[in-house]
Amino acid sequence: PDSENHENVYQASVNLEPRVSRFEIYGFEDESAEDPATNKYTSVKLDKIALNHYYTKYDFVTKTPSETGKVFDNPDKNTLWSWVESAKAPWADVLSAEETELTLTPGQSKAPNGGAVAADDGEGAENIITYGLAHVADKANNPELLLTLHGTTADGTEEPIYLRGQFTKNSQAFNSGKIYRVLYSFSDADFTQPERCVELNVKVANWTVVPVTPEF
């Protein structure tokens with residue numbers, strides 16, 4: 001109803017389409033070594049996680065990413081720790097509910113807050129690390145996760161270790177309007193070749209679009 005008695009009121013249908021994708025990390029998993037191999041690290045403590053390979057700007061109409069301000073750096077073993085520490089955005093501390101660093105033992109998985117990992121591939125998970133990402137048309141431009149950790153060996157020695165996780169091998173390009181849910185799984189073997197990159201698997205879901213009716 002036109003409560004203001006306008007003379008030029010029209011009715012129109014509007015289809016809403018999300019112009020960014022959402023990327024969620026809902027858990028971390030330290031895989032146990034298969035017999036007869038054993039884990040070098042009796043536990044790993046997560047330090048920080050940072051995002052690389054992402055665009056800060058893109059055209060909402062054409063979905064073309066802008067070269068201005070994109071973050072496509074290539075830190076190596078000598079510069080990665082300082083890069084993660086100084087990453088402007090987006091990055092997050094990985095802390096439990098008690099504000100302590102998240103620690104995993106072999107075979108263990110935890111949500112980012114230290115609780116249980118959500119079932120059903122992260123559907124409905126409440127304790128997540130979330131990033132908003134620009135649309136990309138080429139999977140080579142998918143995001144990369146840089147993860148710094150400290151591993152403790154059987155004799156109590158603590159060593160700085162890191163991982164690079166990419167979404168390329170079995171993934172499609174991160175398109176707008178999609179939710180990408182990730183359980184970040186790794187093993188001791190990954191730390192021997194961190195530059196090789198851990199291939200991360202994703203569960204893809206669509207955003208729910210809610211119809212909007214304008215009111216006068």
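These are my notebook entries on what I looked up in this predicted model.

**Ground rules**

I number residues from 1 along each chain as its sequence is written, and my side-chain values use heavy atoms, with hydrogens and water left out. Since the model is predicted, I take local features only at pLDDT of at least 70 and side-chain atom pairs only at pLDDT 80 or more, while totals for chains, interfaces and linings use all residues.

**Entry 1: the overall fold**

I began with the secondary structure, and the protein chain has two helices and eleven strands. Helices (H or I, at least four residues) and strands (E, at least two) are DSSP runs, numbered from the N terminus. Read from the N terminus, the order is β-β-α-β-β-β-β-β-β-β-α-β-β.

Next I looked up burial: 39% of the 216 residues in the protein chain are buried. Here buried means under 20% relative accessible area, exposed means over 50%, and partly exposed is in between (1.4 Å probe, protein chains only). The accessible surface of the protein chain is about 12,500 Å², and 47% of that belongs to carbon and sulfur atoms. Accessible areas come from the Shrake-Rupley method with a 1.4 Å probe; for residues, only the protein chains shown count as cover.

I also checked contacts (heavy atoms within 4.5 Å). Among those between residues at least 6 apart in sequence, 74% join residues at least 24 apart.

**Entry 2: the nonpolar core**

Which residues touch the most other members of the largest nonpolar core? They are Phe23, Phe28, Leu145, Leu147, Leu149 and Phe186, in a core of 39 residues. Two or more residues come from each of β1 (20–30), β2 (41–52), α1 (80–86), β6 (129–134), β7 (144–153), β8 (158–166) and β9. β2 gives the most, with six residues. For the record, a nonpolar core is a set of buried Ala, Val, Leu, Ile, Met, Phe, Trp, Tyr and Cys residues joined through side-chain atoms within 4.5 Å. In soluble globular proteins, nonpolar side chains tend to be buried together.

I then picked out Leu147. Leaving aside residues up to four places away in sequence, Leu147 touches Phe28, Leu46, Lys48, Ile49, Ile161, Tyr162, Leu163, Tyr184 and Phe186.

**Entry 3: charged pairs**

A search of the whole structure gave me eight salt bridges. I count one when a side-chain nitrogen of Lys or Arg is within 4 Å of a carboxyl oxygen of Asp or Glu.

The Glu24–Arg181 pair links distant parts of the chain, with Glu24 in strand β1 and Arg181 in strand β9, 157 residues apart. Is Glu24 buried or exposed? Glu24 counts as buried because its relative accessibility is 5%. Arg181 is buried as well, whereas Arg22 is partly exposed at 29%.

I also noted Glu67 and Lys70, whose side chains form a salt bridge of 3.0 Å, N to O. Glu67 is exposed at 53%, and Lys70 is partly exposed at 34%. Salt bridges that share partners join Arg22, Glu24, Glu123 and Arg181 into one network.

Ser185 lies in strand β9 (residues 178–186). With a relative accessible area of 18%, Ser185 is buried. Its side chain makes a polar contact of 2.7 Å with that of Glu29. The term covers a pair of N or O atoms within 3.5 Å; within protein, one must be able to donate a hydrogen and the other to accept it, and residues adjacent in sequence count only if both atoms are side-chain atoms.

Pro36 is in the loop between β1 and β2.

His53 has phi near 65°, a positive value in a residue other than glycine. His53 is in the loop between β2 and α1 and is buried at 17% relative accessibility. Lys63 also lies in the loop between β2 and α1, and its phi is positive too, about 65°.

**Entry 4: Thr42**

Last, I looked up Thr42, in strand β2. At 39% relative accessibility, Thr42 is partly exposed. Its C-alpha atom is 9.4 Å from that of Asp155, 113 residues apart along the chain.
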